[in-house]
Amino acid sequence: MENMLGIARLFSCGKFDQVAYRLSDDVEFHIYEDKKHLIGKPEVLEFCKEIAEYFASVETDFNESGSIAGEGKVIIYGYGEFKKDGILVNAVHSCDVYEFNGNGMIAKIHSYCNSQQQ
């Protein structure tokens, strides 16, 4: 079984398809910057599909600044840049907090971002 830190890193880096099977059916995803609260695996996966499409349309460079893991929770924080044709279109300082249930599935995601759209 993969470790929680590895799963969280994949999700935070936008590799949603690699960890979709680790989302609990009743997962909750809070995206505070956008005032979104998604409930349930289908709703979360639909949102992730939209994000993946955006990521595919730009050059992404995410650098993890650090992480904390323990007792069923993982925190990933870092900085990402998004460029189109070599021009910076957005920069994000982010912090994602993951809560895992007793079965090792992601139960809750709290995403805090500070975007600097150009």
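Reply: The following account begins with the pocket and then turns to the strands and the nonpolar core.

The model is predicted, so local features need pLDDT of at least 70 and side-chain atom pairs count only at pLDDT 80 or more, while totals for chains, interfaces and linings use all residues. Residues are numbered from 1 along each chain as its sequence is written, and side-chain values use heavy atoms, with hydrogens and water left out.

Rolling a probe the size of a water molecule over the atoms shows where empty space is left. A pocket is found on a 1 Å grid over the protein atoms alone; it is an open set of points where a 1.4 Å probe fits, with protein on both sides within 12 Å along at least five of seven lines. Grid points are joined across faces, edges and corners, and the volume is the space filled by probe spheres set on the points. The largest pocket has a volume of about 750 Å³. Its lining, meaning residues with an atom within 4 Å of a point, comprises 31 residues. Those nearest the centre are Ile51, Phe55, Phe82, Val92 and Cys113.

The lining divides into 17 nonpolar, nine polar and five charged residues. Here Ala, Val, Leu, Ile, Met, Phe, Trp, Tyr, Cys and Pro count as nonpolar, Asp, Glu, Lys and Arg as charged, and the others, Gly among them, as polar.

Helices (H or I, at least four residues) and strands (E, at least two) are DSSP runs numbered from the N terminus. At least two lining residues come from each of α1 (4-12), β1 (23-31), α3 (41-57), β3 (59-70), β4, β5 and β6. Strand β5 gives the most, with six residues.

Several of these strands are paired, which requires that DSSP finds at least two bridges between them. Strands β3 and β4 run antiparallel and are joined by 11 bridges, with Ala69 opposite Val74 in β4. Two residues lie between them in a hairpin, where Glu71 in the turn has a positive phi of about 50°. Strand β4 (residues 73-84) is in turn joined to β5 (residues 87-100) by 12 bridges, again antiparallel. Phe82, already named near the pocket centre, stands opposite Asn90 in β5, and the partner of Tyr79 in β5 is His93. This hairpin also has two residues between its strands, and Asp85 in the turn has a positive phi of about 55°.

On its other pairing, β5 meets β6 (residues 106-115) in the antiparallel sense over nine bridges. Val97 has His110 in β6 as its bridge partner. Five residues lie between these two strands, and Gly104 in the turn has a positive phi of about 80°.

The largest one has 19 residues, and Phe11, Leu23, Phe29, Val44, Tyr98, Ile106 and Ile109 have the most contacts inside it. Elements giving two or more residues to this core are α1, α2 (16-19), β1, α3, β4, β5 and β6. The largest share, four residues, comes from β1.

Terms used
A nonpolar core is a set of buried Ala, Val, Leu, Ile, Met, Phe, Trp, Tyr and Cys residues joined through side-chain atoms within 4.5 Å. Buried means under 20% relative accessible area, exposed over 50%, partly exposed in between (1.4 Å probe, protein chains only).
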